[in-house]
Amino acid sequence: MLILIELLDIIGMKGVVYMEIEKKYLVSYIPDSLQKYRKKEISQSYINIDPAIRVRKSDEFYTLTVKGSGKIAREEFELELNKEQYETLLKKSETSSIVKTRYEIPIYGGLIAELDIYHGDLENLQTVEVEFDTLEQADSFIPPEWFADEISSDIRYSNTYLALYGLPNPKFL
C-alpha cells in the first residue's frame with residue numbers, strides 16, 4: 001500500500017490511510033422509524049479482488065478504496081474521486097455492483113450502527129456494521145438486541161464475496 005501512496009503523491013493526488021476496526025452482524029429485526037436516521041444510497045464494485053480495490057458511489061460522493069488484509073482490523077487507503085474518474089474506473093470492474101441503502105443509527109457509547117439493506121440480487125440481505133477506535137473497544141462490544149449472528153470473520157458475507165458470488169447458500173450456513 002505504501003507504493004500506491006507514493007505513486008499518488010508523485011502525481012499530486014492525496015488519499016487517506018487509516019486502520020479500520022469493525023464488526024459485522026446479520027440483523028434480527030430492523031429498528032422502528034428508520035426514516036428518522038441519516039441514510040445513504042450506495043453502489044459499489046471491485047476493480048480488483050486481491051488486494052480488494054473498491055469504487056463506490058455514496059449519494060453524490062465518489063471514492064476509491066484499497067483494503068488491506070484482515071477481518072476485524074485492517075488498513076485502508078481511501079481516495080476521493082470525481083464522477084468522471086468513478087465512471088472510468090467502474091468500467092474496469094471485475095464484479096457485479098452491490099447496491100444498498102445504509103442507515104446510520106446511533107447506539108450506546110457514542111457508536112454508530114451502519115445498517116445496510118441490500119437491493120437487486122442481494123435483496124433479502126440485511127447486515128449491520130459498527131466501527132471502533134480500538135481493538136479493545138471491539139472486543140468488549142455487546143451488540144444491541146436487534147443484531148443477530150456476528151459474521152465479521154465469515155468470508156461469505158464480505159462485500160467482495162457478495163459481489164462475486166451473491167448471497168450465501170442457506171443450505172451451507
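**View 1. The lining of the largest pocket has 14 nonpolar, 10 polar and 22 charged residues.** Here Ala, Val, Leu, Ile, Met, Phe, Trp, Tyr, Cys and Pro count as nonpolar, Asp, Glu, Lys and Arg as charged, and the others, Gly among them, as polar. This is a predicted model: local features need pLDDT of at least 70, side-chain atom pairs count only at pLDDT 80 or more, and totals for chains, interfaces and linings use all residues. Residues are numbered from 1 along each chain as its sequence is written, and side-chain values use heavy atoms, with hydrogens and water left out.

**View 2. Lining the largest pocket are 46 residues.** Nearest its centre lie Glu-20, Glu-22, Lys-67, Arg-74 and Glu-76. Among the elements that give two or more residues to this lining are β1, β8 and α4 (159–165). (A pocket is an open set of points on a 1 Å grid over the protein atoms alone, where a 1.4 Å probe fits, with protein on both sides within 12 Å along at least five of seven lines; lining residues have an atom within 4 Å of a point.)

**View 3. Glu-129 sits in strand β8.** (Strands are DSSP runs of E, at least two residues; helices are runs of H or I, at least four.) Glu-129 counts as buried because its relative accessibility is 6% (buried means under 20% relative accessible area, with a 1.4 Å probe and protein chains only). Its contacts (heavy atoms within 4.5 Å) include Glu-22, Arg-102 and Asn-159, not counting residues up to four places away in sequence.

**View 4. Val-130 touches Ile-21, Phe-141 and Phe-147, among others, not counting residues up to four places away in sequence.** Glu-22 and Lys-23 are also among the residues it touches.

How values were computed: Buried means under 20% relative accessible area, exposed over 50%, partly exposed in between (1.4 Å probe, protein chains only).
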